[in-house]
Every structure is written in structure tokens, then in C-alpha cells.
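Colleague: I am new to this structure and would like to understand the terms used to describe it. May I put some questions to you?

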Amino acid sequence: MFSRFQNQRSLSLSSHMEPPPSLTTTDTSIQAPLMDGPQAQSLPDTELENHLHRLDLFLRLLGFDQATPLGSTLSWLAFAVLGVAFPFLVTEFSYCSDCEKYEIRLFEFEILIAQVLLAAVSLLCISHNLRKYGVRRMLFVDRYHGHMVQFRDQYIQKIRGFFRTLAMWTIPCFLLKTAREVACAIYVRPDPWWQSIVIVIILLVSWTYLTMIFLSGAAVFNLVCNLQVIHFESYGKLLESDLDVSVYIEEHIRLTHYLSKISHRFRVFLLLEFLGVTASLITAVLQTTENHGILTLINAGDFGVISIVGLVGIIMCLHGATKISHRAQGIASVASRWHAFVTCNSNEVSQVERPTNDGNSEASNPTGALPMYYSESDVESTDYVPVPTNTQLASYMSLYHKRQSFVTYLQTNPGGFTVFGWTIDRILINTIFFVEFSLFSFVLGKTITITTR
């Protein structure tokens, strides 16, 4: 792969490679080489636009579109009615006040509060980014870098994966929630059958609305990270083009600039979601261990459902952040391998001396140097005198030092998704796991005691 690099050194870079996208250039005439012509991109662009429109419409239906005061008012009004008022009223008046199951209502209020807080964080953060940047700029699918032919199909696949991921996790959780509500209506709530059906429908609609908002926010963040992963993966292939090192540095600066924007826009969202999920899980553990004599699988099934939903959402967020950090940090190893191959396979400068079979050394003659004869007394000792290669050696060393400085730059600027300076990578994930496990063990130690005689 790298052997062909040397045959192209004498060619101009502009003769076989398009100019790289610039950080500051926005002129369409300069960015035109990135396009493949209007005829080649009309149909794929239309398909990509349709998928972006579907995503935007889906987010609008959930209330994430708050670009206007009217839209913001309707969004939060629907959230207050469907997500807060309906389940609160149903939980308040569906249990009898003199039966033994009255305590369960307090637990359901705690579950409702956790669901509302998680959904509110997702709605607030995602709607803020969507209102400020729009769906295209929020996903970094812009006019100049997003409509490149090699990225269109991958963009479409990632957007389709957004909907598949939501369906894959929402449907099983919805079935669990439905089974729980039906069992609770049969065995817990002493209501007429028609009233039980109405209560089940209201609770399912409210739960689905809150869950879709929470999981959609996590899936949007995961989609943003996956779209940037496409660019980092293609950056490794850019090294095969044998461009000038400044081109690689400029492209890497653009990618890290986008990554810093993503970190700045979603760091509060990721932090609040993580804290909210942790608080809800700790609450679930406390209630199920302290009140094991009251709670059963039927009346406490919501603790399990909200735990599953919360874990799914935070895993999607952490997976997206870790994936983009891993791709960004892996660029340094790719560049180091490229630098090593180019250096070892380089034919730009000839060897000064090369040992022969009889132990002597003969100078290499890659440029066709003519033989030079010495005096008549030395007529039997002829030798090839190579053409001086000081300029060629200086050029080779200059290219070598450029590549070495580029590798050093990547190693000292690994990049990644950060939350107030903390890079979300595998090391931090391991730290989070052990902190959560320690907290879980501490809670169990406070609620579960073993007595010995």
C-alpha cells in the first residue's frame, strides 16, 4: 500500500487530490471540489434530506421543537399534562384510603418523580440544541462536509439505526409495563372493570410519552457521536493519499474542533442524565430492600421497568461518547504505523554505502553516475562516484521530520468526548463502574442485615 507513495513524490499534490475542507473557508467556489457535481448528488441528497426531515418531524412530535414561543408553550404544556398531571391524578385517586395497599401509592409517586426528571432533562437539553442549531447543524451534517458521496449512505444508515434502536428497546419495555399494569389492575386496584381499563390506558400513554422523550434524547446523542465516528474512520484512509502533512493536520484540527463542539453542547445533558439514573436506581434499591415485606413483583414491577429504561438510556449515551473517544485516540496509532511504513519503504534517498559479498563496500548509483578513472597507476581500480545528494537528503529529512512532528502532535492531542475536562473513555468507564458498585454495596449494607445467634 505504501510502496506506491514513492512513485508519486515527483507529482504535484493538486494533480491527484482534492483540496481539503478548511476550518474557516465557507466560500462555495472553494469548497466546490468536494462535491461530485449536481447530477451525481441530486438523488442521494434528496434521500438524505428525506431522512433528516423524518427525524426532525419525529422530534417535533415529541415536543423537542421549541423554536417559537408557541411551540415551546405547547411542548411544556403537553409534558405537564401527559407526563405529570394524568399519572399523578390516577395514582392519587385509584387506591383506596383504608386498604392495606395504601403504602404502595407512595412508591409509585417516587417512580413517577424519577421518570419526570429524566424526561425533563432530556427535553430541556435536546430542545435547546435543536432550537439553537437546527437538526442539520446539531448532527453536523452541513452543506459542505455532509453531502460528500462517500458519507451519504453511512449517514442514512445511522439515521435508520436511530429509529431501530428506539424500537428495539421501547417495545420490550412497553410490554413489561403493560403486563405490570394489567396485573396491578386485576390484583391491587379495587375498581370496576371499565375504570381499570381507562386507568391502564392513561398510565400506558403517559409512561410511553415520558420514556420516548428520555430514550430519544439518549439516542440523539448516540447518533451525533456515530456520525462523527464516520469521519474519524475515514480520516485513517486519508493517510493513503500521500498528501502533505499540513493537509493531515488541518483535517485533524477540523475534526477535533467538531468534537469539542459536541462535548460543549452535550456535557450538561450527559452529566444530568447520569446523576438522574443513578439516583433512580439507588431509590429503587432502597425501597425494594427496606420494604420487602410489602412489595411484590406485581405492585413493585415499576421499579424494575424504570431501572431497565434508565440503564438503557445511560448505556446508549456512554457507548456513543466512548466510541467517539476511542476513534479519536486511535488516530495516533494509525498515523504512527503510516509513518513507520513510509519511512521504511522510502526510496527517496539512496544508501551512501552498501556492503558487498566480499566484505568491501560499493557506493550505490541510483541516478546513473558515470564511472571516473584515476591516474594510469590506478587504472585497475575504477569506482563509481555517486552524484552528490545533499539536496535530496535534505528534502528527505525534511519530509521525515514533518511526519514525525505530525505523529507527535497526534500523540499529545488525543482528543475525545469530555465532560468538564474528564474524557469519556474506557478508563473512566471502569472508574464509573467501580464507583457505582461501591455505592450499590453501601446501600445494600445499610438495608440488608444478617443476624447470627
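Modeller: Let us begin with a term: a salt bridge is a side-chain nitrogen of Lys or Arg within 4 Å of a carboxyl oxygen of Asp or Glu. In this predicted model, local features need pLDDT of at least 70, side-chain atom pairs count only at pLDDT 80 or more, and totals for chains, interfaces and linings use all residues. Residues are numbered from 1 along each chain as its sequence is written, and side-chain values use heavy atoms, with hydrogens and water left out.

Colleague: Which residues are linked in a network of salt bridges?

Modeller: The network links Glu-108, Lys-177, Arg-180, Glu-181 and Asp-302. Within it, the closest N and O atoms of Glu-181 and Arg-180 are 2.9 Å apart, and those of Asp-302 and Arg-180 are 3.4 Å apart. The latter pair joins distant parts of the chain, 122 residues apart, with Asp-302 in helix 9 (residues 301–344) and Arg-180 in helix 6 (residues 149–187). Helices here are DSSP runs of H or I with at least four residues, numbered from the N terminus.

Colleague: Why is Arg-180 called buried?

Modeller: Buried means under 20% relative accessible area, exposed over 50%, and partly exposed in between (1.4 Å probe, protein chains only). Arg-180 has a relative accessible area of 6%, so it is buried. Glu-181, at 1%, is therefore buried as well.

Colleague: What makes the contact between Asp-56 and Arg-60 a salt bridge, and how exposed is Arg-60?

Modeller: Their side chains meet at 3.3 Å, N to O, and the limit is 4 Å, so the pair qualifies. Both residues lie in helix 3 (residues 38–61), four residues apart, about one turn of the helix. Asp-56, at 15% relative accessibility, counts as buried, whereas Arg-60, at 43%, counts as partly exposed.

Colleague: Why is helix 7 described as largely enclosed?

Modeller: Of its 46 residues, 34 are buried, so helix 7 is largely enclosed by the rest of the structure. Helix 7 covers residues 193–238 and reaches 66 Å from its first C-alpha to its last, close to the 68 Å expected at 1.5 Å a residue. That expected span is 1.5 Å times one less than the number of residues.

Colleague: How confident is the predictor, in terms of mean pLDDT?

Modeller: The predictor's confidence in each residue, pLDDT, runs from 0 to 100. The mean for the protein is 77, and 72% of its residues reach 70 or more. Over residues 1–44, however, pLDDT stays under 50, and over residues 348–385 it is below 50.

Methods. Helix = DSSP H or I, 4+ residues; strand = E, 2+ residues; numbered from the N terminus. Contact = heavy atoms within 4.5 Å.
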